[in-house]
Amino acid sequence: MFFNIAYRSLVDRRYSALLTMLALVVSMSVLISVEHIRVQTKESFASTVSGTDLIVGARTGSLNLLLYSVFRVGAPTNNISWSTYRDIAESREVKWTIPLSLGDSHRGYRVLGTNQDYFNYFRYGEKHPLVFAQGEAFSSAFDVVLGATVARRLGYDLGREILLSHGIASADFNQHKGSPFTVVGILEPTGTPVDQTVHVSLQGLQAIHNSAQFSEVPDSITAFMVALNSRMGVFTLQRKINQYRPEPIMAILPGVTLSELWQTMSLLEQALRLIGALVLLAALFGLSAMLLSSVRERRHEIQLLRMAGARPGYVFFLCEAEVLLMTIVSMLISAGLLTLALVAGQGYLTEYFGMNISANILTWDSAVLAGIILSGALVMGALPALAVYFRELNPER
């Protein structure tokens, strides 16, 4: 009966109530989407590479090394020699390594030169291996394996011949002509930069850059990933690599460096959260103003409730019940709209940004945020409710 009366009262003032709920839906959608995407983006970045203890490359900034070796963002400052790579890869502490050679592209997509260890050992997410949707890993110098996004957007199938270009550009101005690569495999989608990468063998890259002679061993590589037999020795090996005398190289811990990245982005994160909170606060003030403006209109309704024996406290909680109903309904509508938007946009986010954003917003973070929103709405709704309460305590005023 209590909530039924509150519902009937809102229906009687449906136009103002609907406008207030619309403002609440918009503000909640902004705040919840910012928080959800912020958390999911961190998880997506963290899941890009799994099971790798160290990333080794030429001496540069740790963030720069992480970005170009894992996320294909930016460009390497220098290469490291193959002899240096072999020296570290053959250390007793090392379980496996994955060499990475960058610098070329195909129609705007990064080309990654590597070997069979990439398909054997590379992991993402919860240590998920790479899976082939079609074909298999390259077995000869001029084979190429495509990421899922590359194959889909360019419409490539197995057997297609492609040319690589020197440098990174959407237009293929500096093609390595005369050395076409044949598509022999297409990977399943991963929601990581792997989807937007063209994978070739180190021998193939060596051949197109050094046409004078073909060598099974490249002169240099850009970086390499390292996994250890025991993670207890990760800091010892890192220090050994950073003090490596034959060549200036460095080793980074992916997780630690990723934390540094989020620290640099923390100001932007807080700014986005503040904007969302201010939008919600404005909507809550609108809710409070709507209830205050309706107090005079509802004088007759409140008088009837008082004549029926309702105490001033009952009237107070009736106003709060209206706030609770509007907030909960607005929250449900907002959650539904956000879920639909994320389901519809998942493919776009994965394809163009390499981020796997979950459409499930029913997380612990969202539950905490919902509790904060609900508490804020009840506090703001208490202002007009208290006005009604004290007026009913002193009806002669």
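Colleague: Is threonine 222 buried or exposed?

Modeller: This is a predicted model. The relative accessible area of threonine 222 is 1%. The cut-off for burial is under 20%. Threonine 222 is therefore buried.

Colleague: How do helix 2 and helix 9 run relative to each other, roughly parallel or roughly antiparallel?

Modeller: Helix 2 spans residues 14-46 and helix 9 spans residues 254-264. Their axes are 11 Å apart, and the packing angle is about 150°. Angles over 145 degrees count as roughly antiparallel. So helix 2 and helix 9 are roughly antiparallel.

Colleague: Which residues of helix 9 meet helix 2?

Modeller: The crossing of the two helices is right-handed. Helix 2 brings Thr41, Lys42, Phe45 and Ala46 to the contact. Their partners in helix 9 are Leu258, Leu261 and Trp262.

Colleague: How many residues of the contact of helix 2 with helix 9 are nonpolar?

Modeller: One residue of this contact is polar and one is charged. Lys counts as charged, and Lys42 is on the helix 2 side. The nonpolar residues number five.

Colleague: Is glutamine 116 buried, partly exposed or exposed?

Modeller: Glutamine 116 belongs to helix 5, residues 116-121. Its relative accessibility is 34%. Buried needs under 20% and exposed needs over 50%. Glutamine 116 is therefore partly exposed.

Colleague: What separates the C-alpha atoms of glutamine 116 and phenylalanine 138?

Modeller: Along the chain, these residues are 22 apart. Glutamine 116 is in contact with Phe138, and also with Ala137 and Ser139, neighbours within four places set aside. The C-alpha separation is 7.7 Å.

Colleague: Of contacts between residues at least 6 apart in sequence, what share joins residues at least 24 apart?

Modeller: The chain has 397 residues, and 48% of them are buried. It holds 13 helices and 15 strands. For contacts between residues at least 6 apart, the share joining residues at least 24 apart is 77%.

Key:
Residues are numbered from 1 along each chain as its sequence is written. This is a predicted model: local features need pLDDT of at least 70, side-chain atom pairs count only at pLDDT 80 or more; totals for chains, interfaces and linings use all residues. Side-chain values use heavy atoms; hydrogens and water are left out. Axes are lines fitted to C-alpha atoms, for helices over the stretch in contact, and angles run from 0 to 180 degrees between N-to-C directions. Helices (H or I, at least four residues) and strands (E, at least two) are DSSP runs, numbered from the N terminus. Angles under 35 degrees count as roughly parallel, over 145 as roughly antiparallel, 65 to 115 as roughly perpendicular and the rest as oblique. A crossing is left-handed if the near helix is turned anticlockwise from the far one by less than a right angle, and right-handed if clockwise. Contact means heavy atoms within 4.5 Å. Buried means under 20% relative accessible area, exposed over 50%, partly exposed in between (1.4 Å probe, protein chains only).
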